[in-house]
Amino acid sequence: MIIKKSPEEIERMARAGEILVATLALLESKIRPGVSTAELDAIAERFIRSRGGKPTFKGYRGFTGSICASPNAMVVHGIPGPYRLKSGDIVSIDVGVTLDGWVADAARTFPVGDVTSQARHLLEATEQSLHAGVAQCLPGNRMGDVSNAIQQVAEGAGLSIVRSLVGHGVGRSMHEDPQVPNYGKPGKGPLLEEGMVLAIEPMTTAGRPGVRVGGDGWAIYSEDGSPTAHFEFTVAITADGPRVLTPWHQTPEPRTSELVPEGAAGAR
Ligand code: MG
């Protein structure tokens, strides 16, 4: 059953989304060679709780992290741990924030230090596929319009879509109906209506589409070891069109007082 949200409920989800966007911006500032995924997890949990939210993933079916941190061939569901990022890695960070009972869910794959042009292409094309899917989140469209837009961009860029993992409705629960596949036919699938809120999340590989579950029962890897990407927004379908509730691409400009001039490190 698809649970539609009122404008007031969408506003409440947007408040959760604001905390989530700020969390991703904070993590982006901390991602560098040498930082461990457990350290990123602790930073995220502290920040989310300081803003009155709860990390949605913590305790979900026994998941121990506040975020998912999935480097390189790991597509999703990486449990944060001792792994230290190194230059050339890419790392997918998935964050869920619950605020006053409403959930926002979003993810981004970040480059660490200097990455290959293949990795850059993977990240850029997967992000573009997300935006193409969001643009189809219009009342009167079908889910297949969203799915196909994602597929066209990702496969058109030479990437593979991970088909066994899909997006989902989101609201008071992290996972609601309907499923949001990242492949499909235009004009097919559930009708999109005002008030639906979807987590749209293309997951791609630079190689073959097959995936396998890791030994911890959580992490999902590309079967061929190729690098993978994951970009996700929570999107509300409104009469005015798609409204992204987790707009991490609009990273706020730092306030002037926070700007440190080049070369000022160590100066007083
Ligand atoms: Mg997510």
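Guide: In the class counts that follow, Ala, Val, Leu, Ile, Met, Phe, Trp, Tyr, Cys and Pro count as nonpolar, Asp, Glu, Lys and Arg as charged, and the others, Gly among them, as polar. The model is a predicted one.

The lining of the largest pocket divides into ten nonpolar, seven polar and seven charged residues. In total, 24 residues line this pocket, and the space inside is about 550 Å³. Nearest the centre of the pocket are Tyr 60, His 77, Val 166, His 168 and His 175. Two elements give two or more residues to the lining: strand E7, residues 167-169, and strand E8, residues 176-180. E8 supplies the largest share, with three residues.

Now to the helices. Two packed helices are described by the angle between their axes and the distance between the axes. Helix H1 (residues 7-30) packs against helix H2 (residues 37-50) with the axes 10 Å apart and at an angle of about 145°. The crossing of H1 and H2 is right-handed. On the H1 side, Ile 19, Ala 22, Thr 23, Leu 26, Leu 27 and Lys 30 make the contact, and on the H2 side Leu 40, Ile 43, Ala 44, Phe 47 and Ile 48 do. By class, that contact has nine nonpolar residues, one polar and one charged.

Lys 54 lies in strand E1, residues 54-55.

The crossing of H3 and H4 is right-handed. Ala 125, Gln 128, Ser 129, Ala 132 and Gly 133 of H3 are in contact with Val 146, Ala 149, Ile 150, Val 153 and Ala 154 of H4. The contact of H3 with H4 is made up of seven nonpolar and three polar residues, with no charged ones.

Terms used:
Residues numbered from 1 in each chain as written. Predicted model: local features only at pLDDT ≥ 70, side-chain atom pairs only at ≥ 80, totals over all residues. Heavy atoms only, no water. Left-handed = near helix turned anticlockwise from the far one by under 90°. Helix = DSSP H or I, 4+ residues; strand = E, 2+ residues; numbered from the N terminus. Contact = heavy atoms within 4.5 Å. 1 Å grid on protein atoms, 1.4 Å probe; cavity = no way out; pocket = protein on both sides within 12 Å on 5 of 7 lines; lining within 4 Å. Points joined across faces, edges and corners; volume = space filled by probe spheres on them. Axes fitted to C-alpha atoms, helices over the stretch in contact; angles between N-to-C directions.
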